[in-house]
Amino acid sequence: MSIRNDWTLKEIKEIYYRPLLDLVFEAASLHRQNNAYAEVQISSLVSIKTGGCKEDCAYCPQAARYDTDVDVQPLMSLEKVKEMARHAKGNGASRLCMGAAWREVRDNSDFERVLEMVSEVNEMGMEVCCTLGMLTYDQAERLKQAGCFAYNHNIDTSAEHYNKIITTRTFDDRLNTIKNVRKAKMTVCSGGIIGLGETNEDRIKMLHTLATMEVHPESVPINALVPVKGTPLEAKQRVKIDEMLRMIATARIIMPKSVVRLSAGRNEMSLSEQALCFMAGANSIFAGEKLLTTPNPGFDEDKEMFTSLGLHPREAFKDQKEYIEKNSMSL
């Protein structure tokens, strides 16, 4: 199947609203044609700087303006990051994602320390992904030179629904950061969150934005909101499994070569629900007890799941040559 970047909203809407079993079957078939379907990328997410963020993301317990149980913590030490990376790698993780509760990257001593962390973890043979907020091209280039393999910057929701969730930065700000990452020839990790009070149309528009980028994000996280007490969205209900399946299956069909990550919300899913998500095209997870500040299944639980479902971990830097070739496109 050829990779398309000219999907229309009408086409994606038609896919999204197909009968669920038909949708999952088509996605599963395409997944088997385009990917090693039993291979799942295991990533570990570490909060290297927690809390105190100036942003007002309505879902995030790290925003300083909300009264949550998150304790503000300074930038983690290099040795602690290396210790956590070794633990993650020893449990099958091929990628370490380092997240800092910043609005944007600043050219200061903290950024220099992050660059050192990136370099050290890269030397351990792990893919390094960072999510540090907005960044300029020069900052993206420095991360790339330090050994950063991927940069996560989710678009979160549709452009139309965005300002109902976040007012401290714009949707275009997010797209500009992704452009800077592409220009620096890092791979892009970008997806969104469902359960924020958006409509199905918003979900379709979010997928349309991702699928019509000049190069699809190499990694597409599909997150289900984890409501946290003290945030504006604390009363939202759990996202239903059929909603996650529709998002994952549609993403798999319109972005057949991307790694689709079953992300936040997995802790509330049963084994059979997760199995359906893998069948629908998910081929990446976050493993470890926490996703920044919210609960997540532990490594041992996931090892048992992999054995039960016949899955195996994806190696680090797989298809790196293909990524480099795609990222060398002129923008």
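## Stop one: Arg95

Select Arg95 to begin: this residue is buried, at a relative accessible area of 4% (buried is under 20%, exposed over 50%, partly exposed in between, with a 1.4 Å probe and protein chains only). A word on what you're looking at: the model is predicted, local features need pLDDT of at least 70, side-chain atom pairs count only at pLDDT 80 or more, and totals for chains, interfaces and linings use all residues. Numbering runs from 1 along each chain as its sequence is written, and side-chain values use heavy atoms, with hydrogens and water left out.

What do the side chains of Arg95 and Glu127 form? They meet in a salt bridge, 2.9 Å from N to O (a side-chain nitrogen of Lys or Arg within 4 Å of a carboxyl oxygen of Asp or Glu). Colour by secondary structure and you'll see that the pair links distant parts of the chain: Arg95 sits in strand β2 (residues 95-100) and Glu127 in strand β3 (residues 127-131), 32 residues apart. Glu127 is buried as well, with a relative accessible area of 1%.

## Stop two: other pairs

Jump to Arg203 and Glu198, whose side chains meet in a salt bridge at 2.7 Å, N to O. Arg203 is buried at 5% relative accessible area, and Glu198 also counts as buried, at 10%.

Next, pick Glu14 and Arg18. Their closest N and O atoms are 2.8 Å apart, in another salt bridge. Is Glu14 buried or partly exposed? Glu14 is partly exposed, with a relative accessible area of 44%.

Across the whole structure, a search finds 22 salt bridges.

## Stop three: zoom out

Switch to cartoon view, and you have 12 helices and 12 strands (DSSP runs, H or I of at least four residues for helices and E of at least two for strands, numbered from the N terminus). The C-alpha atoms fill a box of roughly 50 × 45 × 40 Å along the principal axes. Of the 331 residues, 58% are buried.
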